[in-house]
Amino acid sequence: PVLAPAQHDAVLRVGRQAAQLAGRGDAWDHAQQQQAAQGGDAPDNIPESQRILKTVTTKAIYTSRMTDLLVPPKVETKFPQINFQELVYPRLQRKILEVKQRDLMFSLTHGIYRNRARLFEQNRVEDPLCQNPACKRENLIDNIEHIFCTCYKVRAAWSWSRRKLLSFLADSGRPPDVSNSDLLLARYPKSRQEDECLLLLGTYVELVDKEVVLKKKELMVNTLMGVLQTKTVSVRSRAVPQAH
């Protein structure tokens, strides 16, 4: 049946919108230009438009729109020098990490782990200081790095963990110059001992979250070493190297 001009224009408009949604807008425009050059609704060009529309599937639209609309996580914008897609995110998915450890490291990496500095910015607490008396006397801000690296309750355990991590990263050469945050947030350089680093790091953040943050205890080096040794034994069946 022959469409009225208004209906014909509406069909073309919908067809172009569908093609654009699926990332085929240029192909659609090219087909229409060829058709116009041959004198309007030339029969030879109609199959080309139909062929393009056959590729406009729900999957094609979803894939195209997700690519266009997804905004990179804020952490990627904040640290553009870090290749999160190749360096950090693959580490968070490695099987050496337990589910709890993976969740904790995800929240740390994306800066959403609960801390008083963040709550203070949201006007949910009266000050951003660490509530440990020794830290509060020095007006130490309770941010992620403080909780896991510089709080008096973790300093000894983190100092031991940092030395071990740097020894893994050194391989056979000089240890790299990396900050506490780069180590804690899995932004350190690649190493031949990736599993050893992650086994130690995952165990450490899990213990700090459990013992220091939740139970308000000090994390002792001996406690960390003991738990790490137990976890190392438990994952031997998965061919994970030792890290104690």
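This is a predicted model: local features need pLDDT of at least 70, side-chain atom pairs count only at pLDDT 80 or more; totals for chains, interfaces and linings use all residues.

1. **The core.** The largest nonpolar core holds 49 residues. Within this core, Phe148, Leu184, Tyr204 and Val205 touch the most other members. Seen by element, two or more residues each come from α6, α7, α10 (144-150), α11, α12 (180-184), α13 and α14. Helix α13 gives the largest share, with 10 residues. In general, nonpolar side chains of soluble globular proteins tend to be buried together.

2. **Leu184 as a way in.** Which residues does Leu184 contact, leaving aside neighbours within four places in sequence? They are Met105, Leu108, Ile144, Phe148, Cys149, Trp158, Leu201 and Val205. Two of these partners, Phe148 and Val205, are also on the list of residues that touch the most other core members.

3. **Helices α11 and α14.** Packed helices are described by the angle between their axes and the distance between the axes. Helix α11 covers residues 155-170 and helix α14 covers residues 221-234. Their axes lie 8 Å apart, at an angle of about 50°. That angle makes α11 oblique to α14. On the α11 side, the contact uses Ala156, Ala157, Trp160 and Ser161. Helix α14 meets them with Val221, Leu224, Met225 and Leu228. By class, this contact has 7 nonpolar residues, 1 polar residue and no charged residues.

4. **Helices α6 and α7.** Here the angle is about 145°, and the axes are 9 Å apart. Helix α6 spans residues 84-92, and α7 spans residues 99-109. Phe84, Val88 and Leu92 are the α6 residues in the contact. They meet Arg102, Met105, Phe106 and Thr109 of α7. The contact divides into 5 nonpolar, 1 polar and 1 charged residue.

5. Side chains of opposite charge can pair when their charged atoms come close. How many salt bridges does a search of the whole structure find? The search finds 8. Glu206 pairs with Lys231, with the closest N and O atoms 3.3 Å apart. This pair links distant parts of the chain: Glu206 is in helix α13 (residues 194-214) and Lys231 is in helix α14, 25 residues apart. Are these two residues buried or exposed? Both Glu206 and Lys231 are buried. Glu98 joins Glu206 and Lys231 in a network of salt bridges.

6. **Two other charge pairs.** Asp182 and Arg187 meet through their side chains, at 3.0 Å from N to O. Arg187 has a relative accessible area of 9%, so the residue counts as buried. Glu211 forms a salt bridge with Lys215, and the closest N and O atoms are 3.7 Å apart. The two ends of that pair fall in separate classes. Glu211 is buried, at 14% relative accessibility. Lys215 is partly exposed, at 43%.

7. **Asn132, a buried loop residue.** Asn132 sits in the loop between α8 (116-121) and α9 (133-137). Its relative accessible area is 13%, so Asn132 counts as buried. What does Asn132 touch, not counting residues up to four places away in sequence? The contacts are Cys151, Tyr152 and Lys153.

8. **Positive phi at two Asn residues.** Most residues other than glycine have a negative phi. Asn123 has a positive value, near 60°. Asn123 lies in the loop between α8 and α9. With a relative accessible area of 71%, Asn123 is exposed. Asn139 also has a positive phi, about 55°. Asn139 is in the loop between α9 and α10. At 51% relative accessible area, Asn139 is exposed. The cut-off for exposed is over 50%. Please check both backbones by eye.

9. **Gln85, an exposed helix residue.** Gln85 belongs to helix α6. Its relative accessibility is 52%, so Gln85 counts as exposed. Gln85 still touches Glu76 and Pro90, not counting residues up to four places away in sequence.

Terms used
Residues are numbered from 1 along each chain as its sequence is written. Side-chain values use heavy atoms; hydrogens and water are left out. Axes are lines fitted to C-alpha atoms, for helices over the stretch in contact, and angles run from 0 to 180 degrees between N-to-C directions. Helices (H or I, at least four residues) and strands (E, at least two) are DSSP runs, numbered from the N terminus. Angles under 35 degrees count as roughly parallel, over 145 as roughly antiparallel, 65 to 115 as roughly perpendicular and the rest as oblique. Contact means heavy atoms within 4.5 Å. Ala, Val, Leu, Ile, Met, Phe, Trp, Tyr, Cys and Pro count as nonpolar, Asp, Glu, Lys and Arg as charged, and the others, Gly among them, as polar. A salt bridge is a side-chain nitrogen of Lys or Arg within 4 Å of a carboxyl oxygen of Asp or Glu. Buried means under 20% relative accessible area, exposed over 50%, partly exposed in between (1.4 Å probe, protein chains only). A nonpolar core is a set of buried Ala, Val, Leu, Ile, Met, Phe, Trp, Tyr and Cys residues joined through side-chain atoms within 4.5 Å.
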